[in-house]
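Colleague: I'm new to reading protein models and I'd like to go through one with you. Could you show me the one you have open?

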Amino acid sequence: MHPAAHSLDAAMAQALELAERARLNCPPNPAVGCVLISPNGAVLGEGLTQPVGQAHAEVMALRDAAAKGLAVAGCTAYVTLEPCSHHGRTGPCCDALIAAGVKRVVASMQDPNPKVGGQGFARLRAAGVDVEVGQGALQARELNIGFFSRMVRGIPWVRMKAATSLDGLTALPNGTSQWITSPAAREDGHAWRARASAILTGIGTVLEDDPRLDVRLNSMASVTRQPDLVIVDSRLETPLTAQLWNATTRRILIYTASSDAALGNALLDKGAQVIRLPDANGKVELQAMLRDLGTREINELHVEAGYKLNGSLLRAKLVDELLLYQAPILLGEGAGIAALGPLTELAQGVAFEWVESRRIGADMRSVVRVAGHDQFLSQV
């Protein structure tokens with residue numbers, strides 16, 4: 001969904017494609033691609049960010065070249081983000097490039113992580129490496145919008161997913177909702193789940209639908225991780241027998257307003273983390289929840305909830321983007337996407353801007369972004 005690559009060197013376009021491939025398995029790290037090009041234009045090596053704790057794109061590209069027996073001294077590294085300069089779970093990538101004899105680095109943008117923030121470029125330049133910044137920046141920002149949101153705003157990028165009829169209904173009056181959209185749309189929805197750091201739902205959805213809320217598609221066989229599961233459960237009503245406990249190992253975070261120790265301990269025994277963040281009305285303080293998720297390295301938060309929690313998030317202006325699947329059917333009556341309360345003026349509605357629309361199977365998928373919510377990208 002990022003803008004098409006215009007005026008890009010072929011190597012940078014290739015690096016962006018590698019970054020796109022990295023996106024499913026690399027959170028909480030940013031998705032980065034790297035391509036090493038010899039002075040005569042030959043591809044020496046390529047790499048992409050590996051799962052957390054493993055090698056970054058630059059090191060993978062150097063290893064690729066080494067495995068082929070190719071020398072990289074004097075080459076150009078095309079990379080979609082500033083090579084890191086700090087010791088985190090892995091060593092500094094800028095040092096690896098310097099040690100390998102790379103003479104030029106073409107990077108899409110500076111890393112907004114304050115632990116890097118230009119220091120990688122500075123060390124490269126101090127070592128005599130020519131550094132060029134800016135090529136592919138728009139694409140790199142879109143690929144890592146969640147990571148940049150966490151770095152700049154301190155909170156995840158919040159994407160709300162909904163599947164509706166043409167008249168915007170998510171279920172019939174009797175609650176029937178499976179399935180409004182086609183298998184192709186549902187598979188596409190799982191692909192969006194897979195790229196998220198965490199999936200958010202409410203206790204209402206857990207009690208009514210007993211969902212697993214995990215990624216389980218044959219086409220996603222290359223995914224090595226499951227997104228975390230986040231549940232807004234003000235009264236700690238999550239059943240100990242719910243299907244969500246049966247999913248592949250993942251972190252489960254339950255946000256609550258309850259101080260009931262017995263209920264909390266039972267959920268802890270199931271392996272969940274219980275975080276108490278009450279607001280003045282005995283509900284979960286949603287803004288505080290997003291800030292807490294930011295500290296837990298959640299980049300993209302994928303919301304699959306009912307109209308009550310959706311409405312609460314939208315009224316609090318905490319939703320950044322809507323991922324909407326529409327089936328070519330009219331239902332007439334039933335539940336909508338969100339309970340926004342009775343509005344008296346059109347201006348009170350939540351305004352979006354179109355990002356993309358395309359056909360998925362028999363349905364239409366649209367991505368719309370809340371006006372102004374991506375302004376932080378101009379800071380990176």
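Colleague: Let's start with Leu263. Is this residue buried, exposed or partly exposed?

Modeller: Keep in mind that this is a predicted model. Leu263 sits in helix H9, which covers residues 261-269. Buried means under 20% relative accessible area and exposed means over 50%. Leu263 has 36%, so this residue counts as partly exposed.

Colleague: Leu236 has come up now. What is its phi near?

Modeller: First, where to look: Leu236 is in the loop between S9 and strand S10 (252-256). With a relative accessible area of 5%, Leu236 is buried. Most residues other than glycine have a negative phi. Leu236 isn't a glycine, yet its phi is positive, near 55 degrees.

Colleague: And Leu213, is that residue buried or exposed?

Modeller: Leu213 is in the loop between helix H8 (203-209) and strand S9 (228-232). Leu213 also has a positive phi, about 55 degrees, although it is not a glycine. The cut-off for buried is under 20%. At 6% relative accessible area, Leu213 is buried.

Colleague: Is Ala280 buried or exposed?

Modeller: You'll find Ala280 in the loop between strand S11 (273-276) and H10. Ala257 is 23 residues from Ala280 in sequence, and the two are 9.7 Å apart in space, C-alpha to C-alpha. Exposed means over 50% relative accessible area. Ala280 has 82%, so this residue is exposed.

Colleague: Now the inside. Which residues touch the most other members of the largest nonpolar core?

Modeller: In soluble globular proteins, nonpolar side chains tend to be buried together. The largest such core here has 46 residues. Helix H1 (residues 10-22) gives the largest share, seven residues. The members touching the most others are Leu36, Val105 and Leu124.

Colleague: What does Leu124 contact beyond four places in sequence?

Modeller: We skip the neighbours within four places in sequence and see what is left. The contacts of Leu124 are then Pro83, Cys94, Leu97, Ile98, Val105, Val129 and Val131.

Colleague: How do helices H3 and H4 run, roughly parallel or roughly antiparallel?

Modeller: Two packed helices are described by the angle between their axes and the distance between the axes. For H3 (residues 93-100) and H4 (residues 119-126), the angle is about 20 degrees and the axes are 9 Å apart. Angles under 35 degrees count as roughly parallel. That makes H3 and H4 roughly parallel.

Colleague: Which residues make the contact between H3 and H4?

Modeller: The crossing of these two helices is right-handed. From H3 come Cys94, Asp95, Leu97 and Ile98, and from H4 come Gly120, Arg123 and Leu124. By type they divide into four nonpolar, one polar and two charged.

Colleague: How about H2 and H3, is their crossing left-handed or right-handed?

Modeller: H2 (residues 57-67) packs against H3 at about 30 degrees, with the axes 8 Å apart. The two are therefore roughly parallel. H2 passes H3 in a crossing that is left-handed.

Colleague: How do the residues of that contact of H2 with H3 divide by type?

Modeller: H2 brings Glu58, Val59 and Leu62, while H3 brings Cys93, Ala96, Leu97 and Ala100. Sorted by type, they are six nonpolar, no polar and one charged.

Colleague: Last one: which residue follows H6?

Modeller: Helix H6 spans residues 145-153, and its buried residues are Ile145, Gly146, Phe147, Phe148, Ser149 and Arg150. Their cover includes helix H5 (137-143) and strand S6 (157-164). After H6 comes a residue with a positive phi, near 80 degrees: Gly154.

Conventions
Residues are numbered from 1 along each chain as its sequence is written. This is a predicted model: local features need pLDDT of at least 70, side-chain atom pairs count only at pLDDT 80 or more; totals for chains, interfaces and linings use all residues. Side-chain values use heavy atoms; hydrogens and water are left out. A nonpolar core is a set of buried Ala, Val, Leu, Ile, Met, Phe, Trp, Tyr and Cys residues joined through side-chain atoms within 4.5 Å. Buried means under 20% relative accessible area, exposed over 50%, partly exposed in between (1.4 Å probe, protein chains only). Helices (H or I, at least four residues) and strands (E, at least two) are DSSP runs, numbered from the N terminus. Contact means heavy atoms within 4.5 Å. Axes are lines fitted to C-alpha atoms, for helices over the stretch in contact, and angles run from 0 to 180 degrees between N-to-C directions. Angles under 35 degrees count as roughly parallel, over 145 as roughly antiparallel, 65 to 115 as roughly perpendicular and the rest as oblique. A crossing is left-handed if the near helix is turned anticlockwise from the far one by less than a right angle, and right-handed if clockwise. Ala, Val, Leu, Ile, Met, Phe, Trp, Tyr, Cys and Pro count as nonpolar, Asp, Glu, Lys and Arg as charged, and the others, Gly among them, as polar.
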